[in-house]
Amino acid sequence: MNVREIVLEAAEALRIAGIEEYRLEAELLLAEALGVSRLEILTDSQREINDAEKKKFDGMIKRRKKHEPYAYIVGRKEFMGLDFCVGEGILVPRPDTEILVETVMEAAKKYGLKTIAEIGVGSGCISVSLAKHAGLKCYGTDISETAVETAEKNAENNEVSDNTAFFKGDIFDGIPPMKYDVVVSNPPYIRGKDMDTLMEDVRKYEPEGALYGGEDGLDFYRKITEGSLEFLRHGGYIFYEIGYDEAGEVSKILADNGFTDIKIEKDLSGLDRVVWGRKGDFDV
């Protein structure tokens with residue numbers, strides 16, 4: 001079979017399986033299997049595929065038909081212009097989270113913020129991006145050993161190991177006991193009643209611990225906000241990614257803990273995506 005034939009066959013299989021961008025993903029997965037660019041797939045459609053190449057590609061298509069995330073199959077995901085290794089047990093970085101990173105970067109430049117404490121680092125995409133693009137010193141925790149190891153690997157791959165440090169621990173457990181300019185988190189925020197409505201790719205494969213935020217979706221906002229009072233300097237800032245309908249509730253949690261100047265940022269779809277605020281002049 002040649003490239004064109006195998007792409008058409010695979011695209012139809014993915015379409016039947018309910019994959020939305022079936023043709024694009026068939027092309028990208030074949031490019032991955034052959035070790036070439038998608039452009040080469042498009043411009044060299046008559047290239048013959050050997051048995052070893054087809055076997056590798058068929059295995060990738062089989063996994064995708066079961067709705068295993070594309071990023072898990074290829075082992076990486078692009079975020080903020082950087083490549084991040086991802087795999088089983090790691091939340092796949094989302095474009096929406098880039099809004100959170102960009103908001104922190106703008107505030108860091110405006111207010112001279114230097115040190116970051118990230119809670120729940122996952123792949124490390126937030127801390128690594130802040131270290132790489134803004135030169136910030138980032139410390140982070142995650143309850144998952146796999147996440148900590150992955151974040152460390154991604155920091156090394158993106159040449160920011162000197163500006164990052166990751167620790168295994170629940171919320172603030174394990175993080176160096178110092179005063180930080182910023183606490184940032186994309187915590188689990190899916191409500192209990194919404195867990196079964198998630199896309200199959202997410203529900204079946206991505207870690208539940210990185211998704212489920214308690215029955216009302218707010219458990220981690222409460223815990224992180226309360227814990228941050230010990231670790232944030234006076235006048236420091238806290239930044240959260242939120243679910244599209246959680247801005248009011250998260251803002252109230254911040255206000256109830258003495259945070260002021262609370263702001264809400266929208267994503268490219270016009271939905272509330274980030275809530276942030278400044279620590280007041282007293283500890284609670």
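Me: What covers the buried residues of α10?

Reply: In this predicted model, the cover includes the strands β3 (115-119), β6 (180-185), β7 (232-241), β8 (259-266) and β9 (272-279), along with the helix α11 (247-256).

Me: And which residues of α10 are the buried ones?

Reply: Buried here means under 20% relative accessible area. In α10 that picks out Y221, I224, T225, G227, S228, L229 and F231.

Me: How should I read a list like that along a helix?

Reply: Think in turns: an α-helix has 3.6 residues a turn, so residues three or four places apart point the same way. Now go back to α10 and find Y221, I224, T225 and S228 among its buried residues.

Me: What should the 13 residues of α10 span?

Reply: Count 1.5 Å a residue, and residues 219-231 should span 18 Å. The end C-alpha atoms of α10 are 19 Å apart, which agrees.

Me: OK, zooming out: how many helices and strands does the chain have?

Reply: You'll find 11 helices and nine strands. The radius of gyration is 21 Å, close to the 19 Å from the globule rule for 284 residues, so the chain is as compact as a globular protein of that length. Its C-alpha atoms fill a box of roughly 70 × 40 × 30 Å along the principal axes.

Me: How much of the chain counts as buried?

Reply: 51% of the 284 residues.

Me: What about charges: how many side chains are positive and how many negative?

Reply: There are 37 positive and 55 negative ones, and the centres of the two sets lie 1 Å apart.

Methods
Residues are numbered from 1 along each chain as its sequence is written. This is a predicted model: local features need pLDDT of at least 70, side-chain atom pairs count only at pLDDT 80 or more; totals for chains, interfaces and linings use all residues. Side-chain values use heavy atoms; hydrogens and water are left out. Helices (H or I, at least four residues) and strands (E, at least two) are DSSP runs, numbered from the N terminus. The radius of gyration is taken over C-alpha atoms; the globule rule is 2.2 Å times the number of residues to the power 0.38. Buried means under 20% relative accessible area, exposed over 50%, partly exposed in between (1.4 Å probe, protein chains only). Lys and Arg count as positive and Asp and Glu as negative; His and the chain ends are not counted. The place of a charge is taken as NZ of Lys, CZ of Arg, CG of Asp or CD of Glu. The expected span of a helix is 1.5 Å times one less than its number of residues. Contact means heavy atoms within 4.5 Å.
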